[in-house]
Amino acid sequence: MFYWVMKRIFLGPIVKLLFRPWIKGLDNIPHDGAAILASNHLSFSDSIFMPLMVPRPVVFLAKSEYFTGTGLKGRLTALFFRLTNQLPMDRSGGAASELSLQAGRDILTGGGLLGIYPEGTRSPDARLYRGKVGVAKLALQTRVPVVPVAMIGTEKVQPIGKRLPNIRRIGIIFGQPLDFSRYYGQEEDYAVQRAVTDEVMYELMRLSGQEYVDEYAAVVKQRLAGQSTTAVSAKEQTRGGTDSAAGPVPADGAPADSLPDDDGDTPVP
């Protein structure tokens, strides 16, 4: 009830009035049945703007830190995320991350819409970064289509580190659903997971017009912060490669990475 009241009466009308979002391809979202909405991630507010524009409820997997904050601010943040159809995602890897993935599978097997960010974190510079294979695992295991979603201009509304948003127009493009039925039965094959993920990222690059970087955004964020990336991301660097404006290779020609992605790669805000 709270979700619908906020969407239809409070947040939805306010967002439409202030930010005047333009929308393309809304009819690409299935009217019923399960689907993954895989979006680029430019701003914290992406998880607010996109669900408000979709007629059906959208459940997001959000990083677990949003649900465990202390003090008044932490409790209010946790309450907001729970009341707005968001589920905690543990990114520590292993069994904890697999349990979080199961929450996403439950939404999809129940016929719902699941929103995820294949990049795994917000882009540090408005470019599109290498996708993690959580989106492929979920799509193949639950056998649902993936709708690519391009957020346009949200990084200017709420840049990283800015608490209050700038009032300016944003856009959202919903691409045609991607069908990966040709890979059903191969969901445990990492080469297939990588191919599916690269096809999703290719569509996001095409729809958004972003420059593509063949590197994980989390690694770039650490480097920009002056932190060592050795312990946390040596594995990702091995799989990454060099920056490329040419974009990811679409599914059938996508190169396979040599190591399994076991670092909790379900996309989160």
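Predicted model: local features only at pLDDT ≥ 70, side-chain atom pairs only at ≥ 80, totals over all residues.
Visitor: What makes a pair of residues a contact?

Guide: A pair is counted as a contact because heavy atoms lie within 4.5 Å. The protein chain itself comprises 9 helices and 9 strands.

Visitor: How do you know which residues are buried, and what share of the protein chain do buried residues make up?

Guide: A residue is called buried when its relative accessible area is under 20%. Buried residues make up 52% of the 269 residues in the chain. In H1, the buried residues are Tyr 3, Met 6, Lys 7, Gly 12, Val 15 and Phe 19. These buried residues of H1 pack against H2, E3, helix H3 (71–83) and helix H6 (154–157).

Visitor: How do you know whether H1 is straight or bent?

Guide: The expected span is 1.5 Å times one less than the number of residues. For the 18 residues of H1, a straight helix would reach 26 Å, yet the end C-alpha atoms are only 22 Å apart. H1 therefore falls short of the span of a straight helix.

Visitor: Where does H1 bend, and by what angle?

Guide: The bend is about 50° at Leu 11, and Pro 13 follows within four residues. That angle is called the bend because it lies between axes fitted to the seven residues ending at a residue and the seven starting there. Just after H1, Arg 20 takes a positive phi of about 40°.

Visitor: Why is one space called a cavity and another a pocket?

Guide: The name cavity applies because a 1.4 Å probe fits there but cannot get out, whereas a pocket is an open set of points. With a threshold of 30 Å³ or more, there is 1 cavity. The largest cavity has a volume of about 140 Å³, and the largest pocket holds about 650 Å³.

Visitor: Which residues line the largest pocket closest to its centre?

Guide: Among its 24 lining residues, Phe 44, Ile 48, Gln 158, Lys 162 and Arg 163 are the closest to the centre. H1, H2 and H3 are the elements that each give two or more residues to this lining.

Visitor: What makes up the lining of the largest cavity?

Guide: It is lined by 14 residues, with Tyr 3, Ser 47, Pro 51, Leu 52 and Thr 84 nearest its centre. Helix H1 (2–19), helix H2 (46–53) and strand E3 (58–63) each give two or more residues.

Key: Residues numbered from 1 in each chain as written. Heavy atoms only, no water. 1 Å grid on protein atoms, 1.4 Å probe; cavity = no way out; pocket = protein on both sides within 12 Å on 5 of 7 lines; lining within 4 Å. Points joined across faces, edges and corners; volume = space filled by probe spheres on them. Buried < 20%, exposed > 50% of the residue type's maximum accessible area, 1.4 Å probe, protein only.
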